[in-house]
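Here are some exercises to work through with the model open beside you. Try each task before you read the solution below it.

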Amino acid sequence: MENDSAPLIVDDSLWPLLIVQIREAVPLARFEEYLAQRLTYLQRAEKHVTLFDMRHSPMLSSELRQRQGEWLKQHASLLDTQMLGYALVITSPLLRLMMSTFLKFRPRNAPYVVTPRMDDAARWCLNLLEESGSHPPAERIKAHFGL
């Protein structure tokens with residue numbers, strides 16, 4: 001796990017569950033590092049689930065949203081083949097509505113859930129991993145999230 005004070009943290013300690021936390025405004029340079037790091041996970045050719053913890057996240061800047069959109073298009077094939085699904089934990093009702101609407105109009109092949117509760121997202125991710133035949137560290141995931 002990365003520095004706990006960083007604006008964006010990527011935690012692969014529960015692989016094949018990848019946890020991405022956005023805690024505050026993310027500078028473009030750090031966001032570019034994140035996208036490069038994210039690509040390395042996709043290139044592993046190992047199916048996985050990503051949990052985005054956005055409970056403390058502000059809205060991404062238009063510059064970051066545009067860059068993310070470009071990256072998603074550029075790596076759509078890898079995302080479609082390597083992602084089993086993703087969960088977004090968003091406590092802001094407005095941001096949750098915006099993200100749910102966005103996902104309905106720009107769907108990916110992978111299933112997803114948008115929820116305000118971390119335990120619901122973690123359970124959903126664990127169930128998805130188990131149903132896919134993956135062998136997640138179930139007990140560690142349950143302990144990590146207090147399930």
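Predicted model: local features only at pLDDT ≥ 70, side-chain atom pairs only at ≥ 80, totals over all residues.

**Exercise 1. A network of charges**

**Exercise 2. Arg67 and its partners**

Task: Determine which parts of the chain are tied together by the salt bridge between Arg67 and Glu32.

Solution: Begin with the distance: the closest N and O atoms of Arg67 and Glu32 are 2.7 Å apart, and a salt bridge calls for a separation within 4 Å. Arg67 sits in helix α2, whereas Glu32 belongs to helix α1 (residues 28-42), so their pairing joins parts 35 residues apart in sequence. Glu32 itself is partly exposed, at 29% relative accessible area.

Now look at Glu70, whose side chain also meets that of Arg67 in a salt bridge, at 3.8 Å from N to O. Here both residues lie in helix α2, three residues apart, so about one helical turn separates them. Glu70 is partly exposed, with a relative accessible area of 41%.

**Exercise 3. Buried or exposed?**

Solution: First confirm the pairing: the two side chains form a salt bridge, with 2.8 Å from N to O. Then apply the cut-off, by which buried means under 20%.

**Exercise 4. A nonpolar patch**

Task: Identify the residues that form a nonpolar patch on the surface with Met59, and locate Met59 in the chain.

Solution: Met59 is found in the loop that runs between β3 (48-53) and α2 (62-74). With 42% relative accessibility, Met59 counts as partly exposed.

**Exercise 5. The whole chain**

Task: Describe the order of helices and strands along the sequence, then the share of residues that is buried.

Solution: Count the elements first: there are six helices and five strands. Their order is β-β-α-β-α-α-β-α-β-α-α. Turning to burial, 47% of the 147 residues count as buried. Finally, the chain exposes about 7,700 Å², with carbon and sulfur atoms supplying 54% of that area.

Key: Residues numbered from 1 in each chain as written. Heavy atoms only, no water. Helix = DSSP H or I, 4+ residues; strand = E, 2+ residues; numbered from the N terminus. Buried < 20%, exposed > 50% of the residue type's maximum accessible area, 1.4 Å probe, protein only. Areas by Shrake-Rupley, 256 points an atom, 1.4 Å probe, with all protein chains shown as cover.
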